Amino acid sequence: MVCVDRPAAGGRVLQLAPIGPLADRLLAEQFDTVRAWESGNGALTQSDLASITMVSTTVRHGCGSAQIAALPALRAISSWGAGYDTIAIDAAAARGIAVANTPDVLNDCVADLAWGLLIATARRIGAADRYVRAGQWTKLGGFPLTTKVSGKRLGIIGLGRIGAAIARRANGFSMEVRYHGRTPKPTSYGFEPSLTALAAWADFLVVACGGGPDTYHLVSADVLQALGPGGILINIGRGSVVDQAALIAALDKGRIAGGGFDVLEGEPGAPLALRERDNVVLTPHYGSATTETRAAMEQLVVDNLLHFARHGEMLTPVRIGPRTA
Ligand code: NAP
């Protein structure tokens, strides 16, 4: 949508963190942009702060209530990433500040990775790869048997944009799908109001909801117990959704079979108790990290601000609360 040689859209943007080469260039071309990390937040004068009407940020960097309070003319926040748990949504809403994220354009890549983790965990691809590289195939022969994926039961926590893309892929694996969330959706997948009941039913339980206080430690010791010794947990949502101490205890005691995690509590990095396990697959929060998807996300950060500057509204505003469609 953005044409780089069109006239600047106007408005002063405070860019809180680098986003990527495309967005950084387009923001500088399209707006009067202040780069907070170059000027140093503390070096901005009161009149600089008073002139800022828009903020661009990332889900990792966020935009807190103190930041919002320091910007009296702020009207819009455009954030890179699908999550918005690091943005003070309530503080923004109280002042009528529009907030946008970059959903949808990353659904396929995050869903692809959820399936990659699911298959890698069940079939122990990482461990099998290490087995071959260490010469054990030659010395010891075949690798121990693993777990079948196709035809099993898939439970999804959060049948949102990404959760629905994960569910669609289950068709190719002849899986039955059920889901848990705040509200049932108009879909043929079974809705399970009790997360523990979903875990007890599922062979694979995939976390596809966002973080924040509402979902904090939804996957508890009880949920893991219900998933059971044959069950596999996958998390591509947020680390905070899983009680990580309970997860490590469940893995130690063999209460679940294993897990694949793109997101963890306390990331970046992973505790030794997870890193040393062969029945755990770990990736560095890179669900959307493909060249194609990252370019689309960067473009959308800028498009949201351009649309806001011209029409007073965002293209992909953050919508809070249960959605039924
Ligand atoms: P979305 O469309 O808003 O879907 C979120 C889903 O979570 C909704 O179906 C919602 O159900 C459910 N949910 C919300 N609160 C819940 C609760 N308390 N209990 C159970 N379910 C709840 O968001 P999305 O675009 O699919 O993204 C989902 C999350 O994925 C993001 O927030 C982000 O944290 C994560 N993500 C991770 C990566 C990665 O690289 N690993 C990349 C992108 C996004 P209701 O509508 O019924 O409330």
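Okay, some ground rules. Because this is a predicted model, local features need pLDDT of at least 70 and side-chain atom pairs count only at pLDDT 80 or more, while totals for chains, interfaces and linings use all residues. Residues are numbered from 1 along each chain as its sequence is written, and side-chain values use heavy atoms, with hydrogens and water left out. When I say helix or strand, I mean DSSP runs numbered from the N terminus: helices are H or I with at least four residues, strands are E with at least two.

Let's start with helix pairs. Two packed helices are described by the angle between their axes and the distance between the axes. The axes are lines fitted to C-alpha atoms, for helices over the stretch in contact, and angles run from 0 to 180 degrees between N-to-C directions.

So, at what angle do H1 and H14 pack? About 20°, with their axes 8 Å apart. That makes H1 roughly parallel to H14, since angles under 35 degrees count as roughly parallel, over 145 as roughly antiparallel, 65 to 115 as roughly perpendicular and the rest as oblique.

Who is touching whom? On the H1 side, look for Pro21, Leu22, Ala23, Leu26, Leu27 and Gln30; they meet Ala295, Glu298, Gln299, Val302, Leu305, Leu306 and Arg310 in H14. Contact here means heavy atoms within 4.5 Å. Sorted by class, that's nine nonpolar, two polar and two charged residues. For the classes, Ala, Val, Leu, Ile, Met, Phe, Trp, Tyr, Cys and Pro count as nonpolar, Asp, Glu, Lys and Arg as charged, and the others, Gly among them, as polar.

Staying with H1, which runs over residues 21-30, its buried residues are Ala23, Asp24, Leu26, Leu27 and Gln30. Buried means under 20% relative accessible area, exposed over 50%, and partly exposed in between, with a 1.4 Å probe and protein chains only. The cover over them includes strands S1, S2 and S3 along with H14.

Now the second pair: H6, residues 107-122, and H9, residues 161-170. They pack at about 55°, with axes 8 Å apart, so they are oblique to each other. H6 also passes H9 in a right-handed crossing. Residues in this contact include Val110 and Trp115 of H6 and Ile162 and Arg169 of H9.

Leaving out residues up to four places away in sequence, Asn107 touches Arg161, Ile162 and Ala165.

Another one to find is Ser79, in strand S4. Ser79 is buried, with a relative accessible area of 0%. Beyond four places in sequence, the contacts of Ser79 include Thr57, Ile87, Asn101 and Val301.

Glu267 and Pro268 are joined by a cis peptide bond, with omega about 5°, and Pro268 lies in the loop between S11 and H13. Ser174 isn't a glycine, but has a positive phi of about 50°. Ser174 sits in the loop between H9 and S7 and is exposed at 57% relative accessibility. His285, also not a glycine, has a positive phi of about 45°.

Terms used
A crossing is left-handed if the near helix is turned anticlockwise from the far one by less than a right angle, and right-handed if clockwise.
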